Amino acid sequence: PSTNTAFYPQSSNDWCGGSYGVGCYSIDLTAWAGKPDIKVMFESFTFFGNNLFLNDIRVNGTVGVQEHKINAASFTLYPNPSAGQFVLSVVNGQQEAVIQVVNPQGVIISSERILLKSGSCQQHLDLSGAPKGVYFIRVTDALSTQVQKLILE
């Protein structure tokens, strides 16, 4: 119902498909299937400027096919979790790789190109100046891109 105060959902009936309000929406993303780096953005327009709440966003179908390549690079991070000092060990890589540290919002907070002598290397990462939380380490070489979660305590 109409209100002059900010609306905050209190029960499942307050969401789409509940006792009032809009129905649940379904959007066909087939046109973007198989394309890399697809991002979905939500935009809302209201006449009264109320808050926007999103819940239970579901993407059906295949959303991340792991490529199985022979001799693809692999990497390990240790210690994980850590207070900020990490060792990244890359094995079976191509001549060079890019190491990126990505925050949960998808922002790259550091990026470094490394040379892989004999396909392997160890790289020290210092995130002691970064806020505590979860980060993602993305290692990309000529054959593959791999991502692992890193926890900064």
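Visitor: Where does Gly 129 lie?
Guide: Gly 129 is in the loop that links β5 (121–126) and β6 (133–140). Keep in mind as we go that this is a predicted model.

Visitor: Is Gly 129 buried or exposed?
Guide: Gly 129 counts as exposed, because its relative accessibility is 77%.

Visitor: How far is Gly 129 from Ala 83?
Guide: Their C-alpha atoms are separated by 9.7 Å, and Gly 129 and Ala 83 are 46 residues apart along the chain.

Visitor: Let's zoom out. How many helices and strands are there?
Guide: The chain has zero helices and seven strands. Read along the sequence, the pattern is β-β-β-β-β-β-β.

Visitor: And what share of the chain is buried?
Guide: Buried residues account for 22% of the 153 residues. As for the surface, the chain exposes about 11,800 Å², with carbon and sulfur atoms supplying 53% of that area.

Visitor: Okay, on to β1. Which strand does β1 join, and how do they run?
Guide: β1 is joined to strand β2 (residues 85–91) by five bridges, and the two run antiparallel. To pick out one of the partners, Ser 74 is bridged to Val 91 in β2.

Visitor: Which residues are on the two faces of β1?
Guide: Phe 75 and Leu 77 make up the covered face of β1, while Ser 74, Thr 76 and Tyr 78 are on the uncovered one.

Visitor: What sits between β1 and β2?
Guide: The two strands form a hairpin with six residues between them. In that turn, Gly 84 has a positive phi of about 150°.

Visitor: Where are the cis peptide bonds around there?
Guide: One joins Tyr 78 and Pro 79, with omega at about -15°. Another joins Asn 80 and Pro 81, where omega is about 10°. Pro 79 is in the loop between β1 and β2, and Pro 81 has its place in that loop between β1 and β2 too.

Visitor: And Ser 82, buried or exposed?
Guide: Ser 82 is in the loop between β1 and β2. With a relative accessible area of 8%, Ser 82 is buried.

Visitor: What does Ser 82 touch?
Guide: Leaving out residues up to four places away in sequence, Ser 82 touches Ile 151, Leu 152 and Glu 153.

Visitor: New topic: charges. How many salt bridges does the structure hold?
Guide: The structure holds one salt bridge. The side chains of Glu 96 and Arg 113 meet there, at 2.9 Å from N to O. Glu 96 belongs to strand β3 (residues 96–102) and Arg 113 to strand β4 (residues 108–115), so the pair ties together parts that are 17 residues apart in sequence.

Visitor: Why would side chains pair like that?
Guide: Side chains with opposite charges can pair when their charged atoms come close.

Visitor: How accessible are Glu 96 and Arg 113?
Guide: Glu 96 counts as partly exposed because its relative accessibility is 35%. Arg 113 has 56%, so it counts as exposed.

Visitor: Which strand is Gln 123 in?
Guide: Gln 123 is in strand β5. Gln 123 is buried, since its relative accessible area of 18% is under the 20% cut-off.

Visitor: What does Gln 123 meet in there?
Guide: Setting aside neighbours within four places in sequence, Gln 123 is in contact with Phe 86, Val 87, Leu 88, Ile 99, Glu 112 and Ile 114. With Glu 112 there is also a polar contact of 2.6 Å between the side chains.

Visitor: Last one: which residues make the nonpolar surface patch?
Guide: The patch covers about 980 Å² and is made by Ile 27, Leu 29, Trp 32, Ile 38, Val 40, Phe 42, Leu 52, Leu 54, Ile 57 and Val 59. Val 59 lies in the segment before β1 (74–78), and Val 40 is in the segment before β1 as well.

Visitor: Tell me a bit about Val 40, then.
Guide: Val 40 is exposed, with a relative accessible area of 53%. The C-alpha atoms of Val 40 and Leu 29 are separated by 9.7 Å, the two residues being eleven apart along the chain.

Terms used. Residues numbered from 1 in each chain as written. Predicted model: local features only at pLDDT ≥ 70, side-chain atom pairs only at ≥ 80, totals over all residues. Heavy atoms only, no water. Patch = residues over 30% accessible without salt bridge, like charges linked within 9 Å, V, L, I, M, F, W, Y side chains within 5 Å. Areas by Shrake-Rupley, 256 points an atom, 1.4 Å probe, with all protein chains shown as cover. Salt bridge = Lys/Arg side-chain N within 4 Å of Asp/Glu carboxyl O. Helix = DSSP H or I, 4+ residues; strand = E, 2+ residues; numbered from the N terminus. Buried < 20%, exposed > 50% of the residue type's maximum accessible area, 1.4 Å probe, protein only. Pairing = 2+ DSSP bridges. Polar contact = N/O pair within 3.5 Å; in protein donor to acceptor, adjacent residues only side chain to side chain. Contact = heavy atoms within 4.5 Å.
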